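Open the model in your viewer and keep the selection panel at hand.

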Amino acid sequence: AGTVQAARPFSPEVDGPVAYYEVTIKRKGPTGAIGVGLAQAGYSKTKMPGWEPVSHAWHGDDGCTFSSCGTGAPFSQPWAEGDVIGCGIDFAKRAVFLTRNGTLQGAPFRGVDTQGLHATLGCQTKGESVSVHFEGPFLYDVASHSLTQPLLPVHHLAYPDGSVRMVNLLVREYVVAAPPEHGPYADGVRRSLAHLLAHAPRHDAAAAA
């Protein structure tokens, strides 16, 4: 892997309440192993961002996010050539957020020490090519940025007593479509949700968390 960093760290004094940059994936090479994120000065030049302290990143080959750890958290589908990946710091929220093609993605890294973080890029295989943008206009509307009410997809379940409750779609798919092997309790939850889904009309929506 080869990793490069911006010369100066982001800071609220210079960048304002939200610091942000975007990376266009021009060529993803044989695997698309490109990492976009943030790290403190002096980060390893041979480790992908996110793998080592102190760093936070999103990787394009597997769509996972990494936060100072070599074990990733599933976050998205792999990136495609032409995607514009954004990474920013919300200093007031102490959060690092990620965007794709101008749209805020998933849950941010929260409780982050935002001091001294540099834009950091990593590539693992030959043929990978990106362009980096530190000045707007960006695809993401930084001026309207907000982490106060992230939208989560939900599934409405109609219960026999007439009440309607909501289940996060990611939870529903995890428990019903690909349940873990966690014994009788998980089996019971899966059977109950499967029964409700089979006997209730589906209405997908977005609800504020």
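Begin by selecting Y20, which stands opposite G88 in β7. The two strands around this pair, β2 and β7, run antiparallel to each other over 7 bridges, where two strands count as paired if DSSP finds at least two bridges between them. Helices (H or I, at least four residues) and strands (E, at least two) are DSSP runs, numbered from the N terminus. This is a predicted model, in which local features need pLDDT of at least 70 and side-chain atom pairs count only at pLDDT 80 or more, while totals for chains, interfaces and linings use all residues. Residues are numbered from 1 along each chain as its sequence is written, and side-chain values use heavy atoms, with hydrogens and water left out.

Next, select G35, which stands opposite G122 in β10. Strand β3 (residues 34–40) and strand β10 (residues 117–123) pair in the antiparallel sense over 7 bridges. They belong to an open, antiparallel sheet of 6 strands in the order β1-β10-β3-β4-β5-β6. Because β1 (2–5) and β6 (73–74) stand at the edges with a single partner strand each, one side of each is left without a neighbour in the sheet.

Now show side chains for the largest nonpolar core, which has 21 residues, with F10, Y21, V36, L38 and I89 having the most contacts inside it. Such a core is a set of buried Ala, Val, Leu, Ile, Met, Phe, Trp, Tyr and Cys residues joined through side-chain atoms within 4.5 Å, and buried means under 20% relative accessible area with a 1.4 Å probe, protein chains only. The elements giving two or more residues to this core are β2 (18–28), β3, β7 (84–90), β8 (95–100) and β10, and β2 supplies the largest share, 4 residues. A second, separate core of 6 residues includes V18, Y20, F97 and Y140.

Finally, select the whole protein chain, which has 3 helices and 14 strands. Buried residues make up 38% of its 209 residues.

Technical notes. Buried means under 20% relative accessible area, exposed over 50%, partly exposed in between (1.4 Å probe, protein chains only).
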